[in-house]
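Have a look at the structure first, then try each task before you read its solution.

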Amino acid sequence: MSVTPLAPATSASSALAFRGRIGRDARSGHYAVPRRYRLHLSPACPNGLRIAVVHSLLGLTDVCPVTVLDAVPDCSDGGYSTLRPLYDASAHRYAGAAAGPVLSDDWSGRIVSTHAPDVTRDLARYFGGGRPALYPCGAETEIQSVERLCARGIDAAAQRAGRADVDATVRAAALDTLFAALGSLEWRLAEHDYLVGEQLTAADVELWVTLVQLDTVHRHHLDAAAVHRVADHPALWAHARHLAAHPAFAAHLDLDGIARRHHARCQGLEAAGAAVQILDWAAHAARRP
């Protein structure tokens, strides 16, 4: 196992520097041992929310403890002072932000990974025995396809469309990308209960977190017409409502934290779409069994 930090950075976005992996045995360096590893995350952060939901679906509370971080980092560079000792111990003269989420090794006091997709896959692969198969054998390519579609087609496109400094042509192209991605996912869910196969997988977690971000953050910077078009995907939002009532999802839906994090970080202008809420997330989460 190797940890390769990136060059010194000055923002939280460049803190994704550690890509260690949990392996099967002692030769991997970081092998699977209950309570050896710890998660540090904020559910108000999209990556933190992804990991938190997967952690709960797998029932790993007693296997991999979680330290919950505040929604808003307390350092000006977007990092957390409580995570600084881990970063300092893991990379010589690391100058980037001590950002979450982090998977750390309590035995060494160092960081294993800050890369959310690797963390969720390793938790499922090495601690998920007898638990829900969030990454079913043979489905990895499809799950990765959904991850890319959510990241590029929805999250990045919505963010680009909502920027105040882009011209009408760029905004229109970004919205076209966004609607194409939503349409593709709508088509999948119109015929099936889940995105990949006949059971809940990591693809559904990815989509749900992306939709939470779309409705609670990106929507505030889109015009009302665009938000109404986003909302006009009934199967997709029905899926989001259904998952919001699932205990593993609802337990980590920190709407106040998401709002505080957004307001602390956002530099864009509020648009008319801010008044057009797509889902009442709090109400759906309150209906969990």
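Predicted model: local features only at pLDDT ≥ 70, side-chain atom pairs only at ≥ 80, totals over all residues.

Residues are numbered from 1 along each chain as its sequence is written, and side-chain values use heavy atoms, with hydrogens and water left out.

**Exercise 1. The core**

Find out which residues have the most contacts inside the largest nonpolar core.

*Solution.* 
- Start with the term: a nonpolar core is a set of buried Ala, Val, Leu, Ile, Met, Phe, Trp, Tyr and Cys residues joined through side-chain atoms within 4.5 Å. Buried means under 20% relative accessible area, using a 1.4 Å probe and protein chains only.
- The largest core has 74 residues, and W208, W237 and W281 have the most contacts inside it.
- Helix α6 (residues 202-216) brings the largest share of this core, nine residues. Helices here are DSSP runs of H or I with at least four residues, numbered from the N terminus.
- Apart from this core lies another one, of 13 residues, including A17 and L83.

**Exercise 2. The tryptophans**

Work out how the rings of W208 and W281 are arranged.

*Solution.* 
- Know the rule: rings of Phe, Tyr and Trp (its six-membered ring) pair if their centres lie within 6.5 Å, and planes under 30 degrees apart count as stacked, over 60 as edge-to-face and the rest as tilted.
- The structure holds eight aromatic pairs. In the W208 and W281 pair, the centres are 6.1 Å apart and the planes at 80°, so this pair is edge-to-face.
- Put together, W208, W237, F249 and W281 form one aromatic cluster.

**Exercise 3. The cavity**

Describe what lines the largest cavity.

*Solution.* 
- On a 1 Å grid over the protein atoms alone, a cavity is a set of points where a 1.4 Å probe fits but cannot get out, and lining residues have an atom within 4 Å of a point.
- About 30 Å³ of space lies in the largest cavity.
- Its lining is P43, A44, P46, L49, V209, V212, Q213 and I258.
- Helix α6 gives the most to this lining, with three residues.

Terms used
Buried < 20%, exposed > 50% of the residue type's maximum accessible area, 1.4 Å probe, protein only. Helix = DSSP H or I, 4+ residues; strand = E, 2+ residues; numbered from the N terminus. 1 Å grid on protein atoms, 1.4 Å probe; cavity = no way out; pocket = protein on both sides within 12 Å on 5 of 7 lines; lining within 4 Å. Points joined across faces, edges and corners; volume = space filled by probe spheres on them.
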